[in-house]
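Please keep the sequence and the structure in view while reading.

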Amino acid sequence: MKTLIVYAHPEPKSLNGSLKDLAVSTLETAGHEVRVSDLYAMNWKAVVDAADYGPDASSPLRVALDSGRAFDAGTLTPDVLAEQEKLLWADTVVFQFPLWWYTMPAILKGWVDRVFTYHFAYGVGEHSDTRYGERFGEGTLAGRRALLSVTVGGPEPHYAARGINGPIDDLLFPIHHGILYYPGIEVLPPFVLYGADRMTGDDYPDVAKAWEQRLLTLESTEPIAFRRQNFGDYEIPSLHLKEGLEPAGRTGFGLHVRG
């Protein structure tokens with residue numbers, strides 16, 4: 001298995017840093033190939049601008065179209081091209097980050113904004129009466145798996161169905177479904193550590209054991225059963241879920257998960 005770890009935390013000695021290091025050692029010991037994109041260590045540029053697209057940047061800038069034109073021409077900046085190559089190389093992508101203000105750190109969102117360009121991660125495939133492009137289960141990155149490893153400051157009950165912060169599955173849905181599943185990546189259930197701000201050194205051995213177990217079962221873990229866009233569950237072109245397919249009483253983001 002070839003695994004890319006995309007890591008976003010400014011402190012190498014943090015819990016996130018320890019989990020990243022443990023992932024590398026665990027997977028390599030098991031015989032897997034591992035590459036790491038340590039975004040803070042790389043001084044990753046988090047903002048999209050015309051410089052990303054070189055001679056293919058238009059004026060005024062049109063981010064989607066310009067990024068696709070630069071991708072097609074091979075004129076994206078070297079840092080973006082390198083990350084795209086890593087994604088194409090990988091079988092599995094692990095994202096290691098803290099949940100900050102209910103989402104990923106800005107540097108990681110900037111990695112997505114710059115790397116997931118038009119014609120690479122979206123804007124591909126046939127548009128017709130029966131298909132709406134290759135996305136949500138199809139696409140350039142189909143055949144790969146991804147896992148979010150997320151540390152959360154608050155206790156687990158705060159992220160339950162009736163918790164004040166909302167269910168963790170809902171908070172992660174925009175990343176799971178909207179960023180990863182959109183270009184075809186199968187998404188594994190997340191590894192979430194709650195109460196990270198109160199964790200002590202005495203707690204870490206149990207955390208490490210649980211994390212190692214998840215890592216060693218990446219290939220056998222069933223992905224989240226998101227519905228595929230072009231395979232009969234959705235009306236096209238409205239992309240509304242067909243009536244009667246939802247389990248009784250299910251609403252919201254859960255509509256887009258089978259079973």
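In what follows, Ala, Val, Leu, Ile, Met, Phe, Trp, Tyr, Cys and Pro count as nonpolar, Asp, Glu, Lys and Arg as charged, and the others, Gly among them, as polar. The structure is a predicted model, in which local features need pLDDT of at least 70 and side-chain atom pairs count only at pLDDT 80 or more, while totals for chains, interfaces and linings use all residues. Residues are numbered from 1 along each chain as its sequence is written, and side-chain values use heavy atoms, with hydrogens and water left out.

The secondary structure of the chain comes to seven helices and six strands, where helices (H or I, at least four residues) and strands (E, at least two) are DSSP runs numbered from the N terminus. Read from the N terminus on, the order of these elements is β-α-β-α-α-β-α-β-α-β-β-α-α. The C-alpha trace spans about 55 × 50 × 35 Å along its principal axes. The radius of gyration (taken over C-alpha atoms, with a globule rule of 2.2 Å times the number of residues to the power 0.38) is 19 Å, which agrees with the value near 18 Å that a compact globule of 259 residues would have. Counting contacts (heavy atoms within 4.5 Å) with a separation of 6 or more, residues 24 or more positions apart account for 74% of them. Of the 259 residues, 46% are buried, where buried means under 20% relative accessible area, exposed over 50% and partly exposed in between, with a 1.4 Å probe and protein chains only.

We can turn next to the spaces. Rolling a probe the size of a water molecule over the atoms shows where empty space is left. The search runs on a 1 Å grid over the protein atoms alone: a cavity is a set of points where a 1.4 Å probe fits but cannot get out, a pocket is an open set with protein on both sides within 12 Å along at least five of seven lines, and lining residues have an atom within 4 Å of a point. Grid points are joined across faces, edges and corners, and a volume is the space filled by probe spheres set on the points.

The largest pocket holds about 320 Å³ of space. Its lining has 17 residues, and the closest to its centre are Leu99, Thr151, Val152, Gly153 and Asp197. By residue class, this lining divides into nine nonpolar, seven polar and one charged. The second largest pocket has a volume of about 210 Å³, and the residues that line it include Pro167, Asp169, Asp170, Phe173 and His176, as well as Phe253, Gly254 and Val257. The lining of this second pocket divides into eight nonpolar, two polar and two charged residues.

How many cavities of 30 Å³ or more does the rule count? The count comes to one, and the volume of the largest cavity is about 40 Å³. Its lining consists of Phe95, Phe97, Met104, Leu108, Val112, Leu148, Ile175, Ile179 and Leu180, which divide into nine nonpolar, no polar and no charged residues. Strand E3 (92–98), helix H4 (106–115) and helix H5 (168–181) each supply at least two residues of this lining, and H5 gives the most, with three.

Helix H4 is mostly covered, with seven of its 10 residues buried; these are Ile107, Leu108, Gly110, Trp111, Val112, Arg114 and Val115. What covers them includes strand E1 (2–7), helix H3 (78–89), E3 and H5.

The last topic is the charged pairs. A salt bridge is a side-chain nitrogen of Lys or Arg within 4 Å of a carboxyl oxygen of Asp or Glu, and by this rule the count comes to 12.

Elsewhere, Arg145 and Glu186 meet in a salt bridge of 3.8 Å, N to O. Arg145 lies in strand E4 (residues 145–151) and Glu186 in strand E5 (residues 186–187), so the pair ties together parts that are 41 residues apart in sequence. Arg145 is buried, with a relative accessible area of 16%, whereas Glu186 is partly exposed at 37%.
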